[in-house]
Amino acid sequence: MMESREPQTFTRKEFEKMNQMVKDGDKEAKKFIVIDNKLYDVTDFVEDHPGGQDVLLTHVGKDASDVFHAMHPDSAYEMLGNYYAGDLEPELAKDDNVANSAKFAAEIRDLRDKLKKEGYFHSSKLFYAYKVLSTLALCATGLGLLYAYGRTSTLAVVVSAFIIGIFWQQCGWLAHDFGHHQCFDDRKWNDVLVIFLGNFCQGFSLSWWKNKHNTHHASTNVHGQDPDIDTAPILLWDEYASAAYYGALDDEPTMVSRFIAENVLPYQTRYYFFVLAFARFSWALQSFMYSFNQGAINKSAALNMYERISLVLHWSIFGYATIAWNSSIYNMILFFMISQATTGYTLALVFALNHNGMPVISEEKAEKMEFFEIQVVTGRDVTLSPLGDWFMGGLNYQIEHHVFPNMPRHNLPKVKPMVKALCKKYDIYYHDTGFIKGSLEVLQTLDVASKLSLQLSKKAF
Ligand code: HEM
């Protein structure tokens with residue numbers, strides 16, 4: 001008869017000791033994560049994780065239960081057993097704040113299960129068909145106008161560039177929804193739509209986006225982990241970023257880093273709007289480089305090929321329309337700049353509203369917080385008209401989206417009162433504001449960081 005072995009139970013002390021070895025850079029140290037009080041050894045899995053290394057690394061040595069449940073299909077649960085190392089002893093009594101946060105997280109989990117049963121995670125295919133078709137109609141209008149009048153009218157060039165810019169912005173919101181698997185149960189179809197709307201139509205790579213955006217979701221506004229708040233040396237959003245940037249300046253900085261530290265960053269509020277005009281071009285360039293340097297996030301050769309072909313097609317068609325359907329170099333540049341800047345402004349203003357100016361958390365503090373509490377306190381909801389909802393692509397329900405990332409966009413307004421009520425019950429700060437007020441908060445945050453940069457630059461030199 002086979003002897004069945006009791007699973008090993010690790011004490012919290014043993015777990016902490018193993019994690020400290022990882023933090024100390026011990027190459028032999030094993031990397032563990034916790035899911036539902038079970039320890040998983042992901043040392044040899046990190047590189048092969050189909051969701052990418054970066055996102056998995058944000059949770060090494062931590063409890064990844066809620067983020068794991070939020071991001072994975074059934075196939076991932078089937079894989080978990082391969083990495084099971086043992087059980088983790090239950091946590092000791094928590095202090096009042098931590099206990100409150102844990103109770104809030106438990107109620108959010110119950111709410112999620114209830115909403116699943118009630119069909120809130122099922123998408124309306126009609127809604128998404130309408131969104132895709134109406135977005136493509138923008139492209140047809142913009143390109144049609146350029147084709148018909150671009151060679152004879154500068155006004156037509158300006159208007160068509162603006163429409164194409166809005167088309168790319170709307171593609172961004174749709175690719176975002178499909179990238180979070182909000183529409184189809186079969187994930188493959190969501191990815192097909194991301195390749196079409198993201199890579200081909202918009203010029204943003206699926207793999208680049210998933211790597212960056214899912215890491216942002218896993219560690220929202222966590223300094224050192226969330227790539228969305230790591231915008232140095234162009235912009236510094238918080239005191240951690242300022243301290244890190246100025247602290248890292250050598251005793252003998254180069255002329256360029258000294259110039260940036262003294263004459264650029266302390267004045268970031270003044271050039272913020274100018275920089276946004278180039279945001280779309282910068283993201284498209286990063287996408288292209290990521291796809292051709294790093295390749296597909298899940299290392300699939302087929303995905304890699306589709307991504308690269310669709311990105312090349314995007315630039316070929318956009319380049320052809322810019323050159324062939326404009327009559328002068330002046331109008332070609334105008335078309336290029338206006339379309340890029342329109343997307344840059346309209347995407348970046350929304351991104352800034354989502355999280356900038358909301359609390360930024362240190363890694364140490366985040367380790368002690370519940371995943372759902374982090375998602376709520378770092379997000380900003382913006383109450384708008386239906387036109388505003390369209391403009392922001394539903395991301396104005398940012399808190400609900402972060403709590404339930406794969407819930408279809410059209411259901412977020414319905415669950416907003418439920419999430420808000422739970423936050424009220426547990427006294428978790430829920431920020432709901434208007435477009436202008438939220439944008440002013442973003443500017444104030446930039447201004448505070450500029451002043452800090454000025455002080456730090458005076459100290460440094
Ligand atoms: C042993 C633990 C884990 C296993 C076995 C695992 C497995 C997987 C698998 C199989 C997929 C591909 C899913 C698909 O077909 O779409 C995936 C994707 C992903 N995983 Fe994990 N994972 C683990 C831990 C984690 C952790 C801790 C995080 C977050 C901190 C994470 C975040 C993601 C994300 C964001 C994706 C991408 C989903 C997408 O394509 O949209 N995973 N993982």
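# Close-up legends

Helices (H or I, at least four residues) and strands (E, at least two) are DSSP runs, numbered from the N terminus. Before you zoom in further, keep in mind that this is a predicted model: local features need pLDDT of at least 70, side-chain atom pairs count only at pLDDT 80 or more, and totals for chains, interfaces and linings use all residues. Residue numbers start from 1 along each chain, as its sequence is written.

**H9 is largely enclosed by the rest of the structure.** That's because 12 of its 13 residues are buried. A residue counts as buried if 20 or more other C-beta atoms lie within 10 Å of its own, as exposed if 12 or fewer do, and as partly exposed in between, with C-beta atoms placed from the backbone. Among the buried ones you'll find Trp208, Trp209, Lys210, Lys212, Asn214, His216 and His217.

**The ligand sits between two domains.** The protein is divided into domain 1 (9–92) and domain 2 (95–461), with bounds that come from an automatic or database domain assignment. Both domains give residues to the shell around the ligand, so it lies between them. How many residues surround the ligand? There are 27, and the closest are Pro50, Gly51, Ala64, Ala76 and Asn214; a residue makes the list if its C-beta atom, placed from the backbone, lies within 6 Å of the molecule. Helix H2 (53–57), helix H3 (65–71), helix H4 (74–80) and H9 are the elements that give two or more residues to this shell. H4 provides the largest share, four residues. Sorted by type, the shell has 17 nonpolar, eight polar and two charged residues. Ala, Val, Leu, Ile, Met, Phe, Trp, Tyr, Cys and Pro count as nonpolar, Asp, Glu, Lys and Arg as charged, and the others, Gly among them, as polar.

**Here domain 1 meets domain 2.** The C-alpha centres of the two domains lie 28 Å apart. Their contact takes 13 residues from domain 1 and 15 residues from domain 2, where two residues are in contact if their C-beta atoms, placed from the backbone, lie within 7 Å. On the domain 1 side, H2 and H3 each supply at least two residues, and H3 gives the most, with four. That side of domain 1 divides into six nonpolar, four polar and three charged residues.

**The largest nonpolar core has 87 residues.** Such a core is a set of buried Ala, Val, Leu, Ile, Met, Phe, Trp, Tyr and Cys residues joined through C-beta atoms within 7 Å. Among the residues with the most contacts inside it are Cys171, Ala175, Leu197 and Trp237. Helix H7 (residues 154–179) gives the largest share of this core, 12 residues. Which residues does Leu197 touch? Leave out its neighbours within four places in sequence, and you get Cys171, Leu174, Ala175, Phe178 and Gln202.

**Gln169 is found in helix H7.** This residue counts as buried because 23 other C-beta atoms lie within 10 Å. Not counting residues up to four places away in sequence, Gln169 touches Thr343, Thr346 and Leu347. Gln169 and Met392 are 223 residues apart in sequence, yet 9.2 Å apart in space, C-alpha to C-alpha.

Most residues other than glycine have a negative phi, and most peptide bonds are trans. Asn37, in the loop between strand E2 (32–35) and strand E3 (38–41), has a positive phi near 65°. Is Asn37 buried or partly exposed? It is partly exposed, with 13 other C-beta atoms within 10 Å. His181, in the loop between H7 and helix H8 (187–202), also isn't a glycine, and its phi is positive at about 60°. With 22 C-beta neighbours inside 10 Å, His181 counts as buried. Finally, a cis peptide bond joins Ala232 and Pro233, with omega about 0°. Pro233 lies in the loop between helix H9 (206–218) and helix H10 (239–247).
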